[in-house]
Amino acid sequence: MEKNYIPELEQIVNPEDVITSFEERLTYSYDSTRLEYMPDVVVKVQTAEQVSRIMKLANDYKIPVTPRGAATGLSGGCLCVNGGISLVMVEMNKILDINPIDLLATVEAGVITENVGKAVEHLNLFYPPDPGSMKSSTIGGNIAENAGGLRGLKYGVTKDYVNSIEIVLPTGEIVNMGSNTVKAVTGYNLVDLICGSEGTLGIITKATLGLLPVPADRVSILAFFKDMTDAAKTVRDIVAEGVITATLEIVDKVTINAIEDFLKIGLDRTVGAMLLIEVDGQKGAVEIEADIVLKVCKSNNALSVREAKSAQERDKLWEARRAALSSLSRIRPSTILEDATVQRSKMVDLINAVNEIAQKYKMMIGTFGHAGDGNLHPTILTDLRIPEEAEKTEKVIEEIFKATIALGGTLSGEHGIGITKAQYLKLELSRPVYDLMGKIKSAFDPNNILNPEKMKCIWSA
Ligand SMILES: Cc1cc2nc3c(=O)[nH]c(=O)nc-3n(C[C@H](O)[C@H](O)[C@H](O)COP(=O)(O)OP(=O)(O)OC[C@H]3O[C@@H](n4cnc5c(N)ncnc54)[C@H](O)[C@@H]3O)c2cc1C
């Protein structure tokens, strides 16, 4: 640290919210990746005004600032690559307003995702985006990553529910963007620009989010197949039959076994793939759609298919799906969760490509994901402490991304680029588009102090 700006930070927030001790900073040097970068100082904020003053100070001293939500990010976004300030948003956690007439909730950025839904359930409303991490992730982190979830196929992702936001610009001004009207086309769509900007363009301090009425009925269906190909064809055919299910999740054999080892809920270990499907809507309509789903499963050679018999069984099935990553991570010391996404029609090809790569490198890969969205999570089970395995893992990741791009897909469906995928950006973005992104970044952040080094492409490598 060249200049001692700590006393000035202590005048902006409570001195106990400025953390400088090595031991405490260590906690903030990690997120949910395997990476570690130590911040010079950790600052917990409670108001947008504090964030604004910190950004002005950071510009004066040219200190990097990295916003941090719950650190559940899977691309290293909240890590302080260049040191500087780790700006902790989790204490800005008030639900400010619920408006059942206009179906809106206004919340501070540090509110835990699940708590938005809990705050409106008594009104028979729900907040649709449901990332697997919803019990701990924050709304600010969800907006920054444009988080998706299990309900993405029918209900969309975070950006589809962000009406307006308050952000602090990297230069310190507090500004409001968007509108809480149903329609709004005034000016550029800056809210959508901030959604998915990974904390590089502004610090989200407040958001007004859209809500929906809870569907009257829902049915969960569990189907087992001999392999992933039959399961993936079923996904394609369900949508082709005109049924947009609320969720349509795929789980492969490796993951089924890992979940069963962990939760012991009686999943069939002999099968090659499992689909977890939920249909929701009005009562009669749900019955008709569930029938279509059952028929499509059978016509694609399902080994068995059935509806959950009770709400408890339904909840147990979804709990099993949400435990996929934690179950896999018990198998080997290192778990690398990838996020490859293709069109639904190309999912069979992507699954085949991942299998071929796994065989070529003799690497264990468990695959599960939001099949309805074509968003797969091939999860590489490895040991990065062993240099040969680490090298092999890098090659596997690169080949998965190359296959994804060759199929017309994208590097990330929901976890973002951050630092973990920066080296692959050039596979997908053209130079003019990347340069345009750089100009947008400079317009927001002339001193490049907000979350530097993220989404940064290395063209020469
Ligand atoms: C078990 C598990 C399951 C997951 N499941 C899903 C899933 O289903 N779908 C999905 O999309 N993701 C999933 N994720 C990834 C992760 O939860 C999401 O990316 C989430 O949106 C991150 O929120 P966070 O509050 O933890 O943010 P952090 O990890 O703290 O930060 C993520 C990024 O957001 C920025 N940021 C945080 N707060 C703000 C703010 N207020 N203003 C500006 N920038 C900010 C950070 O700088 C960083 O770049 C999962 C992660 C885990 C560990």
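Tutor: Let's settle one cut-off before anything else: a residue is called buried if 20 or more other C-beta atoms lie within 10 Å of its own, exposed if 12 or fewer, and partly exposed in between. Keep in mind, too, that this is a predicted model.

Now take Lys295, which sits in helix H10. Lys295 has 14 other C-beta atoms within 10 Å, so it counts as partly exposed. Its C-alpha atom is 44 Å from that of Met455, a residue 160 positions away along the chain.

H8 runs over residues 228–240, 13 residues in all. From its first C-alpha to its last, H8 reaches 18 Å, close to the 18 Å expected at 1.5 Å a residue. Which residues of H8 are buried? They are Met228, Asp230, Ala231, Ala232, Thr234, Val235, Arg236 and Ile238. As a reminder about helices, an α-helix has 3.6 residues a turn, so residues three or four places apart point the same way.

Just past the end of H8, Gly242 takes a positive phi of about 90°.

Step back and the protein is divided into domain 1 (6–88), domain 2 (95–213), domain 3 (217–326) and domain 4 (332–406). The centres of domain 2 and domain 4, taken over C-alpha atoms, are 30 Å apart. Where those two domains meet, four residues of domain 2 are in contact with four of domain 4. On the domain 2 side, that contact has two nonpolar, two polar and no charged residues.

Then there's the ligand. At least three residues of its shell come from domain 1, and at least three from domain 2. There are 36 residues around the ligand, and the ones that come nearest are Gly69, Gly73, Gly77, Gly140 and Gly141. By class, the shell has 13 nonpolar, 18 polar and five charged residues. Strand S3 (65–68), helix H5 (139–145) and strand S10 (203–210) each supply at least two residues to the shell, and H5 gives the most, with five.

Technical notes:
Residues are numbered from 1 along each chain as its sequence is written. This is a predicted model: local features need pLDDT of at least 70, side-chain atom pairs count only at pLDDT 80 or more; totals for chains, interfaces and linings use all residues. Helices (H or I, at least four residues) and strands (E, at least two) are DSSP runs, numbered from the N terminus. The expected span of a helix is 1.5 Å times one less than its number of residues. A residue is near a molecule or strand if its C-beta atom, placed from the backbone, lies within 6 Å of it. Ala, Val, Leu, Ile, Met, Phe, Trp, Tyr, Cys and Pro count as nonpolar, Asp, Glu, Lys and Arg as charged, and the others, Gly among them, as polar. Domain bounds come from an automatic or database domain assignment. Two residues are in contact if their C-beta atoms, placed from the backbone, lie within 7 Å.
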